[in-house]
Amino acid sequence: MTKTDLTCWFCQQTQSKDGYTVELVNHNQRAQVVVPVCSDCKNKHTISIKRFFLVFYGIACSGFLAHVAVLFFRESAPVGSGVLLGYGMALIWIIPALILGILAMLSSLKGTKPQRYLLQYPALQARLKEGYSIGKSKS
Ligand SMILES: [Zn+2]
């Protein structure tokens, strides 16, 4: 089977033979839609997800540990339940970690669209309107 060259849906610039295959289900019927993606965009998608987790865990963990260390070395013992305090501290660090993680992810997506943009692909949209739903998507 030969695939024809298609313009990458994510950058609208590069011709590509590659694509993300989206499996669709409509009761007992199955269908597939291939959303063209060039290797450059595909790389950016992979890198952006890795970067997100790296930044997210980096900030959440080091922030939390630094916080614990500061409390530990302070002379007065913290007031209240240690477990609740732990949850509170984790929450304090998860929010900025999430924001910075998303920013890091977006910065590595320059010149392309995020992977979830594949949902906007016209052929996929048409299938969804027919009543299909997404089974699973794989690259
Ligand atoms: Zn592309």
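**Contacts, hairpin and cores in a predicted model**

In this predicted model, residues 24 or more positions apart account for 71% of the protein chain's contacts with a separation of 6 or more.

User: In what order do the helices and strands of the protein chain run from the N terminus on?
Analyst: The protein chain contains 3 helices and 5 strands. Read from the N terminus on, these elements follow the order β-β-β-β-α-α-α-β.

User: Do strand 3 and strand 4 run parallel or antiparallel, and how many bridges join them?
Analyst: Strand 3 covers residues 19-26 and strand 4 covers residues 29-36. The two form a hairpin with 2 residues between them, and H27 in the turn has a positive phi of about 55°. Strand 3 and strand 4 run antiparallel, and the bridges joining them number 8.

User: Which residue of strand 4 is the bridge partner of E23?
Analyst: Strand 3 and strand 4 are joined by bridges in an antiparallel arrangement. Within strand 4, the residue bridged to E23 is Q32.

User: Which element supplies the largest share of the largest nonpolar core?
Analyst: This core has 15 residues, and W9, V22, V35, V37 and L118 touch the most other members. Strand 3 and strand 4 each contribute at least two residues to the core. The largest share, 3 residues, comes from strand 3.

User: How many residues make up the other core, which lies apart from the largest one?
Analyst: Buried residues account for 22% of the 139 residues in the protein chain. Among the members of this other core are A60, A97, A104 and M105. Its residue count is 6.

Key: Residues are numbered from 1 along each chain as its sequence is written. This is a predicted model: local features need pLDDT of at least 70, side-chain atom pairs count only at pLDDT 80 or more; totals for chains, interfaces and linings use all residues. Two strands pair if DSSP finds at least two bridges between them. Helices (H or I, at least four residues) and strands (E, at least two) are DSSP runs, numbered from the N terminus. A nonpolar core is a set of buried Ala, Val, Leu, Ile, Met, Phe, Trp, Tyr and Cys residues joined through C-beta atoms within 7 Å. A residue is buried if 20 or more other C-beta atoms lie within 10 Å of its own, exposed if 12 or fewer, and partly exposed in between; C-beta atoms are placed from the backbone. Two residues are in contact if their C-beta atoms, placed from the backbone, lie within 7 Å.
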